[in-house]
Amino acid sequence: MSRPSGRRDETTPPDGDALRGAVRPRARLPGRRPSRRRVEVDGVDASLQPLIDRAITDLADRVGVPPDEVVVEAAASVTWSDSSCGCPQPDRSYAQGPVDGAYVRLRAGGRVFHFHGGGGRPIFLCDG
């Protein structure tokens with residue numbers, strides 16, 4: 001009489017207990033946009049004034065308010081974890097590794113707007 005080896009071959013499904021502990025990757029839903037990277041920044045780095053001015057001009061044009069009605073809440077140099085600069089787009093791949101950049105948070109028309117930049121990319125609105 002042969003004893004079971006304790007191993008299962010590729011064609012034998014696992015028993016129910018084995019499935020309980022299995023970790024499965026979450027399926028990527030079509031059309032679902034990856035989240036904007038949350039940035040915790042306080043204060044305004046005055047050395048970023050040229051980038052801040054570009055972000056203010058861009059936002060004022062988008063929202064239709066005078067630039068002097070745009071409030072700068074925060075601006076800082078940051079290091080992003082990849083070339084998405086904290087604002088990944090669906091169905092795009094990004095070079096992995098640290099990317100020096102900038103983050104600017106503005107308020108206009110009762111809403112908060114996040115601008116990201118880095119890795120040679122000019123500052124841009126991250127609306128995710």
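## Close-up views of a predicted model

View 1. Confidence in the protein is highest in helix H2, with a mean of 97, and lowest in helix H1 (residues 16–20), with a mean of 45. Here pLDDT is the predictor's confidence in each residue, from 0 to 100, and helices (H or I, at least four residues) and strands (E, at least two) are DSSP runs numbered from the N terminus. The protein averages a pLDDT of 80, and 70% of the residues score at least 70. Over residues 16–34 pLDDT stays under 50, and the model has 16 contacts for them beyond four places in sequence; a contact means heavy atoms within 4.5 Å. Where pLDDT is low, the predicted coordinates should not be read in detail. This is a predicted model, so local features need pLDDT of at least 70 and side-chain atom pairs count only at pLDDT 80 or more, while totals for chains, interfaces and linings use all residues. Residues are numbered from 1 along each chain as its sequence is written, and side-chain values use heavy atoms, leaving out hydrogens and water.

**View 2. The largest nonpolar core.** This core has 17 residues, and Leu59, Val70, Val104, Leu106 and Phe115 have the most contacts inside it. A nonpolar core is a set of buried Ala, Val, Leu, Ile, Met, Phe, Trp, Tyr and Cys residues joined through side-chain atoms within 4.5 Å; buried means under 20% relative accessible area, exposed over 50%, and partly exposed in between (1.4 Å probe, protein chains only). H2 gives the largest share of this core, five residues. Leaving aside neighbours within four places in sequence, leucine 106 is in contact with residues including Ala55, Ile56, Val72 and Phe113.

**View 3. Strand E4 and its two partners.** E3 and E4 run antiparallel, joined by eight bridges, and E4 and E5 also run antiparallel, joined by three bridges. Two strands pair if DSSP finds at least two bridges between them. Leucine 106 stands opposite phenylalanine 113 in E4. E3 and E4 form a hairpin with two residues between them, and glycine 109 in the turn has a positive phi of about 60°. Six of the eight residues of E4 are buried, so this strand is largely enclosed by the rest of the structure.

View 4. Histidine 116 lies in strand E4 and stands opposite phenylalanine 124 in E5. Histidine 116 counts as buried because its relative accessibility is 0%. The side chain of histidine 116 reaches the backbone oxygen of cysteine 85 at 2.7 Å.

Key:
A polar contact is a pair of N or O atoms within 3.5 Å; within protein, one must be able to donate a hydrogen and the other to accept it, and residues adjacent in sequence count only if both atoms are side-chain atoms.
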